[in-house]
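The points may be read in order.

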Amino acid sequence: MNNQQQTTTNGVSTPLPQREGKGGGSACLFDKIWNAHVVQNVEDGPTQLYIDRLYAHEVTSPQAFDTLRDKGVKVFRPDHVVAMPDHNTPSDQQERIDDPVGRKQVETLKANCEEFGIKHFTMGTKDNGIIHVVGPEKALSLPGMTIVCGDSHTSTHGAVGAIAMGIGTSEVAQVLASQCILQSKPKTMRINIEGTLPKGTTAKDVALYIMAQMTTSGATGYAVEYAGSTIRNMSMEGRLTLSNLSIEMGSRAGLIAPDETTFAYLKGREYAPKGAEWDKAVEEWRKLKSDDDAVFDKEVTYRAEDIAPRITYGTNPGAGIAIDECIPTLEQIPETDRGQFLSMLDYMQFKPGQKLEGTPVDYVFLGACTNGRIEDFRAFASVVKGKKKADNVVAWLVPGSWLVRQQIIDEGIDKILADAGFELRLPSCSACLAMNPDKVPAGKLAISTSNRNFVGRQGPGARTILASPLTVAASAITGVVTDPRKM
Amino acid sequence: MAKEKFNIIQSTCIPIQIDNCNTDLIIPARYLASTTRDPKFFGDAFMHDLRYDADGKPVADFVMNQPAFSEAPRQGVHEIIVGGQNWGSGSSREHAAWAIAGYGVRVVISSSFADIHRNNLLNCFVLPVIVSPEFQQELFASIAADPQMQVKVDVPNQTVTNLATGNSEHFDINSYKKYCLMNAYDDIDFLLSNKDKIETFEGTHPLNPSL
């Protein structure tokens, strides 16, 4: 493959400045990790990239295991693979799955893991949870790694300073069979966020803001690195939320250079290196940052002070506004986009120019790989403490893992939630994607901490507003879309 | 999944003029809970919630149900989809590519594709063809004027031609993938054939803590 040229997604070959990795010259974080994993560059073709960690879940893996059986091959490096069911898992009880099709998928994953000798975190046990919550919190995802999973939100793990990408099932089979994938190297983009986030504004709002600025395809063809003082001051949970949403602007990867925050988060966790190994690892991980003179194919900077609590009004995550703004009027939308704009609003039952603050909501959802971590539950609890849930609202509060759930209980957050009329459910992807019993009924309006507001995403006909845990909490108390700064 | 070698495809098209047509629309999540790869199952689920209403009745005004476009793909007929920009965004589900392939489509033309879906299409032997927005809009206009118009996709020469206007564009595909498509060769076969390189690499790569 020619290092001087990169095929972009719109099919135009663009000359790039020479980018080097190990062996001298300046390099960005993405290039350093990528270059350290190149097995070979196929001539006028993709790169064969070595993968340190493959995660597998029940939905996108069964056909990959079939491929291995068809070809008569074993899993090449079973000790690099971790599997757990999360999409079909119910959040009300985990003794059984009533839906026979979902149950079969979960059972098939377990059987495949037994057959091929892969570590499997069984539903309902303390190790289980959403992959993108469990991976970082068990330190299965570490700085400098290449990480893949048959799930677009694999970008989450980039927050620890790794190249983490969602892949398809054919590629899952490739990694199972060879611990490698064939990928064309993406272009690089650095997104800088500078300054202090205003009160009531979270990492989720930062991500929703960036998406509204860049559109949901603004980073297609790129791997993004997040940098700047806002990111440096952001908690690990916040960074995981931000990296999680990289895919919603088209970027498969969202990296954040590891620093003291990263090391403090990972240290002592179950699969983190221990003792002298830890010290040695940290020494290596400190080198994982973009060189001062690194060149990116694109670089953008946003100011934290411009970001307010955000909500979406449409059926893609980029169709969003600050919570105190109105939906754009038809005149504000380019003429060529008006048909799709109106069709989104028709589905959402909203009108151009409408203010959404004060709109009654039917469902609230706290959870998902986006906002199912301990900090999200702390934030939610800080808003609802001493108040009562609105009677018109059905609330699903779903921790991202059993570890998160235990920490919620250890910190007494469950009592604050119970006093306010909220029930804490069991770890699951839950209402994010309508593959388990937590579905929002047709026509109902949900305000949700999940990642996608697509048509039918939370259930056929369901309408979704994406927001932060603070905004969702405020809305759960009032029963209408509510600005958390006013609580 | 049958792998048919690519050469020249000339066919009428199905226009799905939806920008940001995400993979949740291409196949809703409830059709993902399958453990097999039955082409008919996934083909029937293709664009399901736009094709059918809540009672399972075809939605008459959706393009795939209109008489001019409702015929199932076969050679020369509806083997090509012309889609809106940012085709296949969102979820990584390869089931979306299985749905397109299962329905019988061999080529998707758009001005832009989401990265993961584009790879998935290629791995399922469906060719994603990236054209300019102008060429894409002209295709939509030509199909609207005459649903019987044909498009020619010449893989060896990497050209796509609107046979109604005669306009043609070059499209990009790397030599390796072109070879795969024209010879029905899989990435996994390639990877399995160079295990020695992988093991050599592992000898120099600091392996992360094992489980």
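1. Chain A holds an open sheet of 5 strands, paired in parallel and ordered 7-6-5-8-9. Strands (E, at least two residues) and helices (H or I, at least four residues) are DSSP runs numbered from the N terminus, and two strands pair if DSSP finds at least two bridges between them. Strand 7 (119-120) and strand 9 (163-166) of chain A stand at the edges with a single partner strand each, so one side of each has no neighbour in the sheet.

2. This is a predicted model, in which local features need pLDDT of at least 70 and side-chain atom pairs pLDDT 80 or more, while totals for chains, interfaces and linings use all residues. Residues are numbered from 1 along each chain as its sequence is written, and chains are lettered from A and ligands numbered from 1 in the order in which they are written.

3. Within this sheet, strand 5 (residues 53-56) and strand 8 (residues 146-149) of chain A pair in the parallel sense over 3 bridges. A:Arg53 has A:Ile147, in strand 8 of chain A, as its bridge partner.

4. Chain A as a whole has 16 helices and 20 strands. Its C-alpha trace spans about 60 × 50 × 45 Å along the principal axes. Of its 487 residues, 59% count as buried (20 or more other C-beta atoms, placed from the backbone, within 10 Å of the residue's own).

5. The contact between the chains takes 64 residues from chain A and 52 residues from chain B, where contact requires C-beta atoms, placed from the backbone, within 7 Å. Helix 5 of chain A gives the largest share of chain A's side, 7 residues.

Conventions
Contact = placed C-beta atoms within 7 Å. Buried ≥ 20, exposed ≤ 12 C-beta atoms within 10 Å, placed from the backbone.
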